[in-house]
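My notes follow, in the order I looked things up.

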Amino acid sequence: MPDSVLDFYEGLAEEYHLLFADWEQAVERQGAVLDALLRRSGAPPPRRVLDCACGIGTQALGLAARGFGVHATDLSPSAVARAEREARAMHVSITTGVADLRMLDWQVPGTFDVVMACDNALAHLLEDSDLHDAANAMASRLVPGGLLVASLRDNAALLEKRPRFTAERVLDTPLGRRVLFQVWDWAVDDRQYTVRQFILRQESGVWHTTEHTGVYRLLERLELERALTQAGLVDPRWYSPEEIGFYQPLITVRKP
């Protein structure tokens, strides 16, 4: 992964919650959805989870609050540190570490009932070799019968629309007004796109603006399925947002 991925999440770590109208509510809601999915998928108890793209803990904290044993890792030390702080504030228990998706097999000890990479994290793996390294590394951390869960943007819809600008969201909060929008720049071949996330905050009548830039590949479902099955995982199953209530399409695959 290019250095820009680390820079993106290092810069966003202290502001990530601002992308939500109520981030703590999102933590609870996503934890409930993923809990229901794991129960439905028959993940074996005690369901120890490795969230290997944890960010500031949106999914990890929600599952920990529901009794899962969660080890949360991310490429970004600042994001991991923020997840630790939020865990203490929410009175939930997680363990943490800094790790690269492609190197989990030697950076993260032990195996897990569930390995999870949500929030379109795998789309940062711009080269096929990186995607296959990550698939193999994630598979290596699963117990036999364990489940891998990942989410992607709806890339078929993205390719059809090729958005250049996302409509602004205006959020009124007790701490002031926020305005959020993104500008998208597409590569000539439409296989990659750059997202510039703008956050405008009003504090004591003064507006402050920050911008965070991330690069993604247009990772198609079949590309991801192929990488995961080549890593030895089986039984791929996609779930739509309408089916389970998660905000992105989700795939599950199992280790034989």
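I began with an open sheet of 4 strands, ordered β6-β7-β8-β9, whose pairing is antiparallel. Strands pair here if DSSP finds at least two bridges between them. I took β6 (165-173) and β9 as the edge strands, since each pairs on one side only. I noted that neighbouring strands of this sheet are turned by 15 degrees against each other on average, direction ignored.

A word on the source: this is a predicted model, in which local features need pLDDT of at least 70, side-chain atom pairs count only at pLDDT 80 or more, and totals for chains, interfaces and linings use all residues. Residues are numbered from 1 along each chain as its sequence is written, and side-chain values use heavy atoms, with hydrogens and water left out.

My labels follow DSSP runs numbered from the N terminus: helices are H or I with at least four residues, strands E with at least two.

**Strand pairs**

I then looked at β6 and strand β7 (residues 176-186), which run antiparallel and are joined by 7 bridges. Phe165 stands opposite Val183 in β7.

Elsewhere I found strand β4 (residues 112-117) paired with β5 in the parallel sense, over 5 bridges. Val114 stands opposite Leu147 in β5. I also checked burial (buried means under 20% relative accessible area, with a 1.4 Å probe and protein chains only). In β5, 8 of the 10 residues are buried, so the strand is largely enclosed by the rest of the structure.

**Helices α6 and α8**

How do the axes of α6 and α8 cross, and within what distance? I read roughly 50 degrees for helix α6 (residues 128-140) and helix α8 (residues 221-230), with the axes coming within 8 Å. Axes are lines fitted to C-alpha atoms, for helices over the stretch in contact, and angles run from 0 to 180 degrees between N-to-C directions.

α6 and α8 are therefore oblique to each other. Oblique is what remains once angles under 35 degrees (roughly parallel), over 145 (roughly antiparallel) and 65 to 115 (roughly perpendicular) are set aside.

Which residues meet? Leu131, His132, Ala135, Asn136 and Met138 in α6 meet Glu223, Leu224, Ala227, Leu228 and Gln230 in α8; contact means heavy atoms within 4.5 Å.

I listed Glu223, Leu224, Glu225, Ala227 and Leu228 as buried in α8. The buried residues of α8 pack against α6, β5 (142-151), β9 (206-217), β10 (234-239) and β11 (250-254).

My last entry is Gly232, which follows α8 and has a positive phi near 95 degrees.

Terms used
Buried < 20%, exposed > 50% of the residue type's maximum accessible area, 1.4 Å probe, protein only.
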